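Q: Could we go through the charged side-chain pairs in this one, please?

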Amino acid sequence: MRSFVHTQPSTRVVFGTGTFDRLADEVRRVGARALVVSTPGRHQLADEAGRGLGVLLAGLFTEAMMHVPIENARAAREAAARVDADCAVAIGGGSAIGVAKAIALERTLPIVAVPTTYSGSEMTPIYGLTEGGVKRSGRDVRVRPGTVLYDPALTVSLPPRVSGSSGMNAIAHAVEALYAADATPISSLLAAEAIHALARSLPVVVKAPANLDGRADALYGAWLAGSALAIASMSLHHKLCHALAGAFNLPHAELHAVVLPHATAFNAEAAPEAMRTIADALHVPEAAQGLYDLAVAIGAPLSLEEIGMPEDGLDFAAQLTVRNPYDNPRPIDQDGVRALLDDAYYGRRPAAAAALRAR
Ligand code: NAD
């Protein structure tokens, strides 16, 4: 076994159908004046949470936006200050959790997260803020939610296409955690089991969105994938998605779903052990092709074209991606990234590893 450094993050996880009813008990453990944060789309759930919190509710902020524009972060911080919140309850996907993190970054208050997508942000100390069209992200232990309440019943309303994309976003955390330079035996275990759980549950939940066993399994996978993301650093796939999302305002989960098979193919030869683990977890012979086939099976988007990427932006996207050097199993070169983007733009099925080698 090679040497490693592992820091074990600690989060209280309350998991199970019906656990949403225990929100007030969980909030009482960390605070007495909660600001409930959600996106406009989840405001009814935020209202319901507020009613359940009773005297523990200090206020609601239901205007959370994706990628946390700095003005949105400021508005949320002002709301927290106005009601003198001593904790934040984030209800929803990565966007609501991201805004609660922006509050915690400045106000240092505990977060109770109630995730309703598979983004995994609830498990990580990673935050993002967008200013002047550029998204900056960082790691800070103050933003990691101390309590996470996973109730699969809250995810049955996720439409099949969103479930599929969000699930592929979760798998992307696990894939990159497997070949990260700072992967540890624990992050690799989490990542492999995450892919296994998501690959078996996503086809179930897109076919039968109200299947609670499938929803619980998918949420379990998302939890593990987020836990791996909290430990291991991300590489080309995440950098590429970050650059594309910022420059072309593309939807987060859908973008991850499209790019993942191609970023995996790019790294196939340089990370053979990770590829074997991914393929085994998917029960297929080939990691990149297996991820593409899973995306097809669950109705996730396959091409950058269909999610709004302009074709004449591909050269610029490749330039952006190679601009800052970062760890990746295979060295990053502009021609290689441009070819990857071309495959992703047209949604081509990745070639088998042997064919990639011959390119
Ligand atoms: P999201 O939170 O924006 O949710 C997408 C849409 O789905 C929203 O309109 C939301 O209201 C709706 N929605 C959420 N849950 C629903 C449900 N159960 N039923 C029906 N509709 C529902 O999207 P996301 O993909 O979860 O999160 C994306 C954001 O999270 C991005 O800003 C991304 O950068 C961030 N993120 C951060 C991390 C991290 O570790 N910091 C990890 C992953 C994602």
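Q: Is Asp293 buried or exposed, or partly exposed?
A: Asp293 is partly exposed, at a relative accessible area of 33%, where buried means under 20%, exposed over 50% and partly exposed in between, with a 1.4 Å probe and protein chains only. This is a predicted model, in which local features need pLDDT of at least 70 and side-chain atom pairs count only at pLDDT 80 or more, while totals for chains, interfaces and linings use all residues. Residues are numbered from 1 along each chain as its sequence is written, and side-chain values use heavy atoms, with hydrogens and water left out.

Q: Which residue forms a salt bridge with Asp293?
A: That is Arg349, with the closest N and O atoms 2.8 Å apart; a salt bridge here is a side-chain nitrogen of Lys or Arg within 4 Å of a carboxyl oxygen of Asp or Glu. Arg349 is itself partly exposed, at 43%.

Q: How many salt bridges does the structure hold?
A: There are 14, and Asp315, Arg338, Asp342, Asp343 and Arg348 are linked in a network of them.

Q: What about Glu26, which residue does its side chain meet?
A: The side chain of Glu26 meets Arg12 in a salt bridge of 2.8 Å, N to O. Glu26 is buried at 4% relative accessible area, whereas Arg12 is partly exposed at 34%.

Q: And how accessible are Arg77 and Glu106?
A: Arg77 is buried, with a relative accessible area of 14%, while Glu106 is exposed at 56%; their side chains meet in a salt bridge of 3.3 Å, N to O.
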